Amino acid sequence: VKGHLSEIFDLQEAISSQIVASLNLSQSGGGKSFTHKREIEDPRAYDVYLQARAEMAKRTAESFQRAEELLNKAIGIIGPNPLLVSTQGHVLLSYNLLGISPDPSYVVRAEDKLEQLAGLAPHSRYTNLLRGIIRYKQGRIQEGIDNLKKVVETDPNNKEGLMFLSLLYLISGYAHYAKPLLDRLLSIDPLEPTAHLMPGYVKFIMGDFEGAIPHYREALDMAP
């Protein structure tokens with residue numbers, strides 16, 4: 001039993017890392033750029049923001065440090081902005097979520113960004129998303145679920161919200177709640193490896209190890 005639980009926890013960490021990696025890549029220049037451009041109207045600040053996203057996609061300690069510097073630069077141009085402050089929080093969380101550093105101070109600093117973000121946009125999807133992921137990292141799973149549900153309720157196609165809410169449902173034993181979210185995620189972005197990986201996780205935690213293999217194989221084929 002202990003060995004089985006250890007495998008589940010290891011897989012949970014691997015999937016959370018994959019979620020962060022895929023989001024960093026997909027947002028470095030893809031689907032939401034038009035929305036983000038409207039939220040950062042100054043072209044200089046927007047260009048710096050895109051540079052920060054490109055650094056995040058590299059997923060190294062050095063690139064995240066450069067991303068932090070660039071986001072500070074963008075804020076220096078236009079002042080605190082919900083998207084920029086939210087992205088600062090996600091950079092800090094990525095150190096832990098991607099296994100770059102176990103230092104708990106990154107979560108503490110992300111909480112500081114959350115407090116700032118709540119002052120700027122208390123009910124925005126940015127605030128609820130960041131709070132939900134921080135609560136997940138703190139082991140406060142139900143609070144994480146409550147916040148991530150708000151993200152998905154207000155923005156049903158939000159990839160981050162769908163991925164992390166599904167993950168929290170799965171690790172809480174509510175696979176039946178996760179399944180429709182994962183189906184929606186797959187319909188939104190069928191080329192996203194994580195959208196294929198997570199249904200395999202559903203099979204795995206339900207003990208259907210053979211059934212999990214095709215999902216993992218497809219995800220691996222898409223992102224070797």
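Predicted model: local features only at pLDDT ≥ 70, side-chain atom pairs only at ≥ 80, totals over all residues.
**Entry 1: confidence**

The chain averages 85, and 83% of its residues reach 70 or more. Residues 25-35 are another matter, as their pLDDT is below 50. I looked up what that stretch touches and found 14 contacts in the model beyond near neighbours in sequence.

**Entry 2: α5 against α6**

How do α5 and α6 pack? I read an angle of about 165° and axes 8 Å apart. An angle over 145° counts as roughly antiparallel, so α5 and α6 run roughly antiparallel to each other. The crossing of α5 past α6 is left-handed.

Next I listed who makes the contact. From α5 come Pro82, Val85, Ser86, Gln88, Gly89, Leu92, Leu93, Tyr95 and Asn96. On the α6 side I noted Tyr106, Val107, Arg109, Ala110, Lys113, Gln116, Leu117 and Leu120. Sorted by class, this contact holds 10 nonpolar, 5 polar and 2 charged residues.

**Entry 3: an aromatic pair**

Then I turned to the rings and found 6 aromatic pairs in the structure. I picked the pair of Tyr95 and Tyr106, with ring centres 4.0 Å apart. Their planes lie at 10°, so I logged the pair as stacked. Tyr95 sits in α5 (residues 82-97) and Tyr106 in α6 (residues 105-120), so the pair ties together parts 11 residues apart in sequence.

**Entry 4: α7 against α9**

On to α7 (residues 125-137) and α9 (residues 159-171), whose axes are 11 Å apart. Are they roughly parallel or antiparallel? The packing angle is about 30°, which makes α7 roughly parallel to α9. I noted a left-handed crossing here.

α7 brings Leu129, Ile133 and Tyr136 to the contact. α9 answers with Glu160, Gly161, Phe164, Leu167, Leu168 and Ile171. The tally by class is 7 nonpolar, 1 polar and 1 charged.

**Entry 5: α9 against α10**

I stayed with α9 and followed it to α10 (residues 175-188). Their axes come within 8 Å and cross at roughly 155°, so I wrote these two down as roughly antiparallel. α9 passes α10 in a left-handed crossing.

Which residues of α9 meet α10? I found Lys159, Leu162, Met163, Leu165, Ser166, Tyr169 and Leu170. They meet Ala175, Tyr177, Ala178, Leu181, Leu182, Arg184, Leu185 and Ile188 in α10. By class I counted 12 nonpolar, 1 polar and 2 charged residues.

**Entry 6: a last look**

Technical notes
Residues numbered from 1 in each chain as written. Heavy atoms only, no water. pLDDT = per-residue confidence, 0-100. Contact = heavy atoms within 4.5 Å. Axes fitted to C-alpha atoms, helices over the stretch in contact; angles between N-to-C directions. Helix = DSSP H or I, 4+ residues; strand = E, 2+ residues; numbered from the N terminus. Parallel < 35°, antiparallel > 145°, perpendicular 65-115°, else oblique. Left-handed = near helix turned anticlockwise from the far one by under 90°. Nonpolar A, V, L, I, M, F, W, Y, C, P; charged D, E, K, R; others polar. Phe/Tyr/Trp six-rings, centres within 6.5 Å; stacked < 30°, edge-to-face > 60°.
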